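The exercises below ask the reader to work through a protein chain piece by piece. Each task is followed by a solution that goes step by step.

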Amino acid sequence: INQLDKTPTAIAMTPDGEYLAIGFETGMIILSDSHIDVNPYGVYAERKTTYSRPTLYPVWSTLATKSEVLKIEFSMKGSFMAVSHMYEKPSKEQEEEKRHSEKGCV
């Protein structure tokens, strides 16, 4: 995933392990299809199952926002995803500035 130069702040996987969602401090969310295949060239004599390196294929993403992703949750069947973002209440100075700017535009 190319977006990992940004700081991840939340991560969740669907219950069946098919999808992985990563949320970032920029507010962007990337949903990836995850694949972990059995390596057919494992050591048979040890009777261990070996796996290939996991691969992630992005299937959906959002644009960046100004609010950091805090948490990602999937429904029990994995068909729904809920995301919470950080919301900062404007300071009194910011509200006052907005009020004055709106009066000037009327």
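Helices (H or I, at least four residues) and strands (E, at least two residues) are DSSP runs, numbered from the N terminus, and two strands pair if DSSP finds at least two bridges between them. This is a predicted model, in which local features need pLDDT of at least 70 and side-chain atom pairs count only at pLDDT 80 or more, while totals for chains, interfaces and linings use all residues. Residues are numbered from 1 along each chain as its sequence is written, and side-chain values use heavy atoms, with hydrogens and water left out.

**Exercise 1. Find the secondary structure of the protein chain and the order in which its elements follow one another.**

Step 1: Going along the sequence, the pattern reads β-β-β-β-β-β-α.

**Exercise 2. Describe the open sheet and the way its strands are joined.**

Step 1: The open sheet holds four strands in the order E1-E2-E3-E4, and their pairing is antiparallel. Strand E1 (8–13) and strand E4 (55–61) are its edge strands, each of which pairs on one side only.

Step 2: From one strand to the next the twist averages 25°, where axes are lines fitted to C-alpha atoms, for helices over the stretch in contact, and angles run from 0 to 180 degrees between N-to-C directions.

Step 3: E1 and E2 are joined in the antiparallel sense by five bridges, and Ala10 has Gly23 in E2 as its bridge partner. In the hairpin of these two strands, with five residues between them, Gly17 takes a positive phi near 75°.

Step 4: E2 and E3 also run antiparallel and are joined by five bridges, with Ile22 opposite Ile30 in E3. Their hairpin has four residues between the strands, and there Gly27 takes a positive phi near 95°.

Step 5: Strand E3 (residues 29–35) pairs with E4 in the antiparallel sense over six bridges.

**Exercise 3. Is Asp33 buried or exposed, and what surrounds it?**

Step 1: Asp33 is found in strand E3 and stands opposite Tyr57 in E4.

Step 2: Buried means under 20% relative accessible area, exposed over 50%, and partly exposed in between (1.4 Å probe, protein chains only). Asp33 counts as buried because its relative accessibility is 16%.

Step 3: Contact means heavy atoms within 4.5 Å. Leaving aside neighbours within four places in sequence, Asp33 is in contact with Glu18, Tyr19, Thr55, Leu56, Tyr57 and Val59.

Step 4: For strand E2 (residues 19–24), five of the six residues are buried, so this strand is largely enclosed by the rest of the structure.

**Exercise 4. Which residues make up the largest nonpolar core?**

Step 1: A nonpolar core is a set of buried Ala, Val, Leu, Ile, Met, Phe, Trp, Tyr and Cys residues joined through side-chain atoms within 4.5 Å.

Step 2: The largest such core has eight residues, namely Ala10, Ala12, Ala21, Ile29, Leu31, Val69, Ile72 and Phe74. Two or more residues of this core come from each of E1, E3 and E5, and E5 gives the largest share, three residues.

Step 3: Another core, of five residues, lies apart from the largest one, and among its members are Ile22, Phe24, Met28 and Ile30.

**Exercise 5. Follow strand E5 through its pairing and its charged residues.**

Step 1: Strand E5 (residues 69–74) pairs with strand E6 (residues 81–85) in the antiparallel sense over five bridges, and the bridge partner of Phe74 in E6 is Met81. Gly78 takes a positive phi near 80° in their hairpin, which has six residues between the strands.

Step 2: A salt bridge is a side-chain nitrogen of Lys or Arg within 4 Å of a carboxyl oxygen of Asp or Glu. A search of the whole structure finds one, and Glu73 forms a salt bridge with Lys71, with the closest N and O atoms 3.4 Å apart.

Step 3: Glu73 is partly exposed, because its relative accessible area is 41%, and Lys71 is partly exposed as well, at 47%.
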